[in-house]
Amino acid sequence: MALYFHQVLAGQMQNFVYLVGDRESGECVAVDPAWDIDGLLARIAQDGMRLTGALVTHYHPDHVGGDLFGMRIEGLARLLEKNPCRIYANKHEADGIKRVTGISESDLVRTEDGTRLEVGKATIEFVHTPGHTPGSQCFLVEGDRLVSGDTLFIGGCGRVDLPGSDPEAMYRSLQDKLAKLADHVRLFPGHDYGPVTETTMGEEKRTNPYLAQGAALLRRMRR
Ligand SMILES: [Zn+2]
């Protein structure tokens, strides 16, 4: 299997959209398609690929489309108009996504921790990582690339002071799930907050305070 994997910078909030698939079968999915749907679909067509689904890390409008800070961000609704496909969202996030984007239940596949999806011969495992939002999820691609949404950033983690956020759940997601991934797993975050665009779990476990000293930080986050 030849993995198709691209990190695409999109919009005014440094979001990363990811394209993941199997070059041989020509199928791919998009993680958090938002901001420039036509550009994304053009890119996929140019690469000779076919988009068969969208995977959602969480329901915030900069990841799925909707209204945010007076901006109208295009996302899942526009994607479904241009390229009908299934939308894979964690079961705890599905209602938020419908509310923010206006898509309907029949467009959604509700996922849970451990759900697996084959895209051609590429395997994607869904890892439920509540904290930033109740239904935040990360995607483990072929067992060695983690697309982490707003759960884990390079040198940081997602905000836990927003409505629906939960610092304790974030702590458990980071320590019990993500910190257990092997050091060689490559990390691809949901935003380009620098200084680099990807790193490894080994590097993050050594240098990211939210993984390296999680318990001490949790006490600070609670205050
Ligand atoms: Zn977010």
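**View 1. The exposed and buried sides of α1.** On the face of α1 turned away from its buried side sit the exposed residues Asp38, Gly39, Ala42, Ala45 and Gln46. Helices (H or I, at least four residues) and strands (E, at least two) are DSSP runs, numbered from the N terminus. This is a predicted model, where local features need pLDDT of at least 70 and side-chain atom pairs count only at pLDDT 80 or more, while totals for chains, interfaces and linings use all residues. Residue numbers start from 1 along each chain as its sequence is written.

View 2. The buried residues of α1 are Ile37, Leu40 and Ile44. They cover an arc of only 65 degrees around the axis, so they sit on the same side of α1; the arc is that of the directions from the helix axis to the C-beta atoms. An α-helix has 3.6 residues a turn, so residues three or four places apart point the same way. The buried residues of α1 pack against β1 (3-10), β2 (15-22), β3, β4 (50-55) and α3 (76-82), with contact meaning C-beta atoms, placed from the backbone, within 7 Å. Just after α1, Gly48 has a positive phi of about 75 degrees.

**View 3. Two positive phi values in one loop.** Look at the loop between β3 (27-31) and α1 (37-46), where Asp32 lies. Asp32 isn't a glycine, yet its phi is positive, about 55 degrees. Trp35 is also placed in the loop between β3 and α1, and its phi is near 80 degrees, again positive in a residue other than glycine. Most residues other than glycine have a negative phi. Asp32 is buried, with 27 other C-beta atoms within 10 Å, and Trp35 is buried with 23.

View 4. Six strands make an open sheet in the order β9-β10-β11-β12-β15-β16, with mixed pairing. β9 and β16 stand at the edges with a single partner strand each, so one side of each has no neighbour in the sheet. Strands pair if DSSP finds at least two bridges between them. Four bridges join the antiparallel β9 (residues 116-119) and β10 (residues 122-128), and Leu117 stands opposite Ile124 in β10. In their hairpin, with two residues between the strands, Gly120 takes a positive phi near 60 degrees.

View 5. The bond from Gly194 to Pro195 is cis, with omega near -10 degrees. Pro195 is in the loop between β15 (186-188) and β16 (199-200).

Key:
Buried ≥ 20, exposed ≤ 12 C-beta atoms within 10 Å, placed from the backbone. Contact = placed C-beta atoms within 7 Å.
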